[in-house]
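Me: Could you walk me through this model, one question at a time? I'd like the cut-offs spelled out as we go.

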Amino acid sequence: MNLKNKKSKKSALDWEYVPPKINGGKETIDDMSLIVGMYDNYQVTKTGNLVGILEVSGINLDLLNDNEQQDVFNDYGAFLMSTLGEGVDDTLQFIEPTIPVNMTAYINGLKRKYLDLKLNHPEQEFKINLLASYLDHFTTVHNSKNMTTKQHLLIVKVKINDKSVESLDLAVNNLDEKINQVKRDLENALADFDLTAKILPSQEVLEVLKNLINFKG
């Protein structure tokens with residue numbers, strides 16, 4: 001066997017991974033997870049993929065009539081066909097985890113109004129007390145994480161040739177290009193419905209992973 005074949009075989013073996021058998025819940029999260037760690041804004045998996053996440057805004061179909069709803073499905077189908085249609089050897093994953101509603105911006109807005117009244121209009125006691133009760137209520141709801149919503153995530157991946165840093169950097173470049181293209185294609189396909197897609201940075205990816213395990217933990 002020549003050196004080239006040896007190298008090819010070694011590169012292939014680098015990513016051989018067999019998921020562990022379930023052992024009565026004795027495995028750790030690391031044992032059960034496919035994720036090795038983060039690199040740039042992406043996840044490196046034990047199966048040799050670099051994975052990025054797009055967060056997609058939702059479309060409220062209840063506000064659309066029958067024809068508009070059909071247009072949504074047609075435009076979405078056109079996106080899927082152009083991205084994953086015949087002759088395209090690729091996959092995308094769509095997940096919709098339940099997450100707590102982030103009320104931070106709303107609560108901060110109430111705090112600003114409350115402080116403004118306290119400082120500049122202390123005579124408006126009724127408004128001040130009303131805002132204080134709102135702050136107490138919504139802070140309690142936010143901290144309890146009892147108000148939830150659906151998050152729309154689109155998972156994009158590329159292969160990593162082997163475990164070298166050069167291959168990892170090449171995969172980052174490839175995924176940068178691919179995930180931006182998917183983002184453009186999706187937004188263009190559903191532009192009539194003001195759909196937007198956001199590439200999640202590493203900190204928000206970690207928050208997604210935490211929520212998938214236990215968003216109340």
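Me: Which residues make the nonpolar surface patch of about 320 Å²?
Reply: Quick caveat: this is a predicted model, so local features need pLDDT of at least 70 and side-chain atom pairs pLDDT 80 or more, while totals for chains, interfaces and linings use all residues. Numbering runs from 1 along each chain as its sequence is written, and side-chain values use heavy atoms, without hydrogens or water. Patch members have over 30% relative accessible area and no salt bridge, with nonpolar side chains (Val, Leu, Ile, Met, Phe, Trp, Tyr) joined within 5 Å. Here the patch is made by Ile29, Met32 and Ile213.

Me: Is isoleucine 213 buried or exposed?
Reply: Isoleucine 213 is found in helix α7, residues 202–214. Buried means under 20% relative accessible area, exposed over 50%, and partly exposed in between (1.4 Å probe, protein chains only). Its relative accessible area is 58%, so isoleucine 213 is exposed.

Me: What is the closest N and O distance between lysine 198 and glutamate 204?
Reply: A salt bridge needs a side-chain nitrogen of Lys or Arg within 4 Å of a carboxyl oxygen of Asp or Glu. Lysine 198 is partly exposed at 38%, as is glutamate 204 at 30%. They form a salt bridge, with the closest N and O atoms apart by 2.8 Å.

Note on methods
Patches are made of residues with over 30% relative accessible area and no salt bridge: like charges are joined within 9 Å, nonpolar side chains (Val, Leu, Ile, Met, Phe, Trp, Tyr) within 5 Å. Accessible areas come from the Shrake-Rupley method with a 1.4 Å probe; for residues, only the protein chains shown count as cover. Helices (H or I, at least four residues) and strands (E, at least two) are DSSP runs, numbered from the N terminus.
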